[in-house]
Each structure stands twice: as C-alpha cells, then as structure tokens.
Amino acid sequence: MKPPDAAPGRLHRWLERVGAAVIAAGEEVGRFFFILYSTLFWTFRRPFDYKEWVRQMVRVGVDSLPVVGLTAMFTGMVLALQTFRGFERFHAGGFVASVVSLSLTRELAPVLSALMMAGRIGSALAAELGTMRVTEQIDALYAMATEPIHYLVVPRVGACTLMLPPLVMCANGLGILGGWLVAVELLGANPVVYWQRTFQYLELNDVMSGLIKAAVFGLILSVTGCAKGYFTSGGAEGVGRSTTAAVVMGSLVILLSDFFLTKILF
Amino acid sequence: MPSPPQNPEPASGALTTPPKIAVIDLWKAFRGKEVLRGVDLEIVAGESFVILGGSGAGKSVLLKHLIGLIHPDRGHVVVDGEDIACADPAVCLRIRRKFGMSFQEGALFDSMNVFENIAFPLRRHTAMTDSEIARRVHECLELVNLDGVGRKATSELSGGMRRRVGFARAIALQPEILLFDEPNTGLDPLTSAVIDRVIVHMRESLPVTMVTITHDMRSAFRIADRIAMLRDGRILAVATPDEFRRLPDPYIQSFLAGEPLEEEVA
C-alpha cells in the first residue's frame, strides 16, 4: 500500500477499537439497568414466593454474619490501635473511641461489609444464574410460563437489599466492641470514659446514613451479580468470566457510589 | 381439543384444518449472521411434526421461536390464531402455558430432586393440594416409565433418564403443544430407541401436538407424522415419512444416505 493510506488505516482501526469499547460499556450499563428495572417491575407481582425469600435472606444474612462480623471486629481493633498511636502524640488519646464509632458507622462498616458481600454473594449469584443460563435452566423456567426474573432475581436482590442493613448494624456493634477491647484491654484506656466517648459525638443520622448506604450497596452488588449471571454465555468458561466480573464490577460500583452517596447524605 | 387428523397431510399440500402453529416468513440474524431466512411452516393440531436438519441449520433457533424464547427480526409465529410475539405480557404468558418443552440435556433444576422438578410447574400455576400434586407427578413419571425415582437427585440420573424426567416435567401441566429439543442427542442407539418409544407412547396417550427437532434420521422416521427438512435457515421440503424417503432433492438424499455432498465437504 502507499504510505498516505497507512495513517487513516491506523486511525480507522483505533476509532473502531474505541467505538467497540464504548458499545461494550454501554451494553454493560444497559444490562444493569434492565435487571434493575425488571426486578422492580416484578417485585410487586404475584405469586409472592415467600419461601424463596426466606431461603435467600438466611443465605445472605445469617450465613454471612461470621465473615462480616470478623471483618468489622478486626477493622475496629486496627482502627483503635492506629488512631491511639497517632492521637497520643498530641495528647488526644481519649478521642479514639469517638473516631472508632464515627468512622465505623458512617463509612467503614457499610463499605467493608458490602465489599465482603460482593465477594461472597455477588460471585455466588453470578455463578448460580450463569450455570442456570448455560444449562438452559433459565430457558426452562421461561418455557414453564415462569418469568425467570420474577422467580430467580427478585428474591435474591430483595434479600440482599433487606439484609445488608441489619448485617451492617451487627458490624457496627462488633467493630465498636473490637475497638473497645484493644483500647481498654491492650492499651489501658479507662473503660467508662471510652464507653462515654463512643456515644458522645455519635448521632442517629450517622448510623442511619450508614444503613441507607448498606441497603443501596446490597441492591448494587446483587443486581450486578444477577446481571452478570443472567447474561452469561459461553459454557463453563463464560460462567467463570461472569463470576470474576461480578466481583470486580460490584466492588468498583460500590466504591464509586459510596462517594456520591456520602456527598448526598451529609 | 380437536381430534388428531386420521390422515395428516397430503405431502406439503394445503391444509384442511386451521393450523395449530403457523410460522410465517421468519427471519433471524445473530451478530449479522443470518440463521433463519424466511421459514414458513404450518403444524396441524394433534400431529407429530419433526424438523430435521444438520448441525447449524437453525433448528434450535426455530424451536425457540415457537415458544417465544427468541424474538424474530421479521415474521410471525401464530399459535391458535394469536401472535406469540405480542406486546401484552399477560397474553404472552397465557400462550406460553399451552406449551411444554423438553430441553436437550433435560435442563432440570439441579437444586431440586426429581419430584420437586416435576412438581414445580404445578406448584407455580395451579392451586393443587400436596396430595394432588404427588398423584400428578406419579402419573407423569409413570407415563415416561420412570416410576419410583422421585426422591433421586437430578445428578444421580443417567442421560436418558434426565430427558425422560424432562418430558415428565413438560407434560405436568397438560400442555396442548409439546416441543422436544434434540431428544436423542448424545445417547446410545438403544437408549435413543427407548426415548423414541416414550415419545410415541406419550403421543398415543395424550391429546397433544408435538414438534421435535433432531438430526437423527432413524428417530425422525419412528416418531413423525410429517417431516420438514431445514437447510441454511430455510425449509427445503415437508412430507410424510414415506414420501420423504422418495424426495428427489440431492441434499435430502445425501442426508438419508449419510453421504455428504461434494459442496458440503468443501
């Protein structure tokens, strides 16, 4: 080919690649909102499968308690340890309790719990629905005049959205307990003062905003997981891809939305 | 239910009764590749209709159009005078309830045992009591010669058994139309013959219209009232099994003989 043709050719290819990436990203967003919209649409339609709801709520809530609880507890412990070392340099060691309770309820408990849940539940949802997709079980549901979104997605998304706030509430408690243990037992803080300081600056709004965040994160991670699973193609490899993508995408969207939620809620 | 016509069709000639399912000028492309290119079919109530075709001829895609799992780019699928690609979800659901579909690998729900699988559509769509459901599941299993496997997990079943459980699940709601997606694929000749016998037995004992897609010639001749040949997304011919054998078309003759045409090899 003549040299002048080379440049437009390269540009063309580059534009094509950019265009394909933009379309792929658009598809991803579209799928997320399709699942979100259909879930909302089908949530209030009969039949209401309460057994499945309870099953999913146990799976999401009760079964995740150890993981979320441990995460929160150790976060509280580390937080107390770190802030104590820093604060005592300017004689503010007494405020460790306030820092621990405020940062846990407002930020750390909801975000860390949601990230753990994205790993635990988001991936499980993607793998479960993805396998059902590639083995035609989702088509079979449809063929039995059962809307797959209604039967599969609604209880899962509902359970995640409803169960994340109570989980985060437990995480708050365990995190504060962890901080208390380190400060009082390890660093010799006054237990009564520590306890007072924990609640001195903590307002209901702090806790509530954390719980609202938790519900939104639950919605996001479950919709992401379900969308990834629901639109899986390409056999076992496809299921693997969906599972990984569900965790990565779910975590990223949680962190992104955390910023905007914090901006709105405070 | 109209009674099955005694003498189904004079080859592909005009129909005397209105068709149960009419496929009109159906077109479908995936990512620019045309899979169906103007399919026209009329399936009479009560007949066993087999769609024959090689791998990649578009058989599965055509079958999924019949039940509305895939929406056509152009054309219509009309069931009892109603277009399946209608806008109203309630009508759509009502049309879909006329169908029972058996999937290639059974598509059984692996989170449930055999009994639960067959009971699923009954629990979902009827107000039957537990004992009525148990009786119906038992009837369905008896019809596919699988009595007494209700408590088994789906993972314990052999390939042939999985399909028969799939059949039992498909007939649980007493559908008017039964669709079979490659019921013999991946089975040994004896198991395959057993499956065919079960299909013929179901046809004799139930007032249903059956549509089967397969690439298995022997199976097609065993179960069909009429056979349609699908090639490159178009219907090549429709005929009764006896007439089908005598069709002069070189592709059909090569398919019957199992000897590929020169152009197929190239």
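## Basis of the model

The model is predicted, and local features need pLDDT of at least 70, side-chain atom pairs count only at pLDDT 80 or more, and totals for chains, interfaces and linings use all residues. Residues are numbered from 1 along each chain as its sequence is written, while chains are lettered from A and ligands numbered from 1 in the order in which they are written.

## Chain A

Chain A contains nine helices and zero strands, where helices (H or I, at least four residues) and strands (E, at least two) are DSSP runs numbered from the N terminus. Its C-alpha trace spans about 75 × 60 × 30 Å along the principal axes. The radius of gyration is 23 Å for chain A, but a compact globule of 266 residues would have a value near 18 Å; this radius is taken over C-alpha atoms, and the globule rule is 2.2 Å times the number of residues to the power 0.38.

Helix 4 (residues 96–134) and helix 9 (residues 235–265) of chain A pack with their axes 8 Å apart and at an angle of about 150°. Axes here are lines fitted to C-alpha atoms, for helices over the stretch in contact, and angles run from 0 to 180 degrees between N-to-C directions. Helix 4 and helix 9 of chain A are therefore roughly antiparallel to each other, given that angles under 35 degrees count as roughly parallel, over 145 as roughly antiparallel, 65 to 115 as roughly perpendicular and the rest as oblique. The crossing of helix 4 and helix 9 of chain A is right-handed, a crossing being left-handed if the near helix is turned anticlockwise from the far one by less than a right angle, and right-handed if clockwise.

## Chain B: overall form and helix packing

Chain B has ten helices and ten strands, and its C-alpha atoms fill a box of roughly 55 × 45 × 40 Å along the principal axes. With 266 residues, a compact globule would have a radius of gyration near 18 Å, and the 18 Å of chain B agrees.

Helix 3 (residues 114–125) and helix 5 (residues 159–171) of chain B cross at roughly 25°, and their axes come within 7 Å; the two helices are therefore roughly parallel to each other. The crossing is right-handed. From helix 3 of chain B, B:Val114, B:Asn117, B:Ile118 and B:Pro121 meet B:Val165, B:Ala168 and B:Arg169 of helix 5 of chain B, contact meaning that the C-beta atoms, placed from the backbone, lie within 7 Å.

## Chain B: the four-stranded sheet

An open sheet of four strands in chain B has the order 2-1-4-5 with antiparallel pairing, two strands being paired if DSSP finds at least two bridges between them. Its edge strands, strand 2 (33–43) and strand 5 (82–83) of chain B, each pair on one side only.

Strand 1 (residues 21–30) of chain B pairs with strand 2 of chain B in the antiparallel sense over eight bridges. B:Lys28 stands opposite B:Leu36 in strand 2 of chain B, and the bridge partner of B:Trp27 in strand 2 of chain B is B:Arg37. The hairpin of these strands has two residues between them, and B:Arg31 takes a positive phi near 45° there.

## Contact between the chains

The contact takes ten residues from chain A and 16 residues from chain B. On the side of chain A that touches chain B there are five nonpolar, three polar and two charged residues; Ala, Val, Leu, Ile, Met, Phe, Trp, Tyr, Cys and Pro count as nonpolar, Asp, Glu, Lys and Arg as charged, and the others, Gly among them, as polar.

Notes. Two residues are in contact if their C-beta atoms, placed from the backbone, lie within 7 Å.
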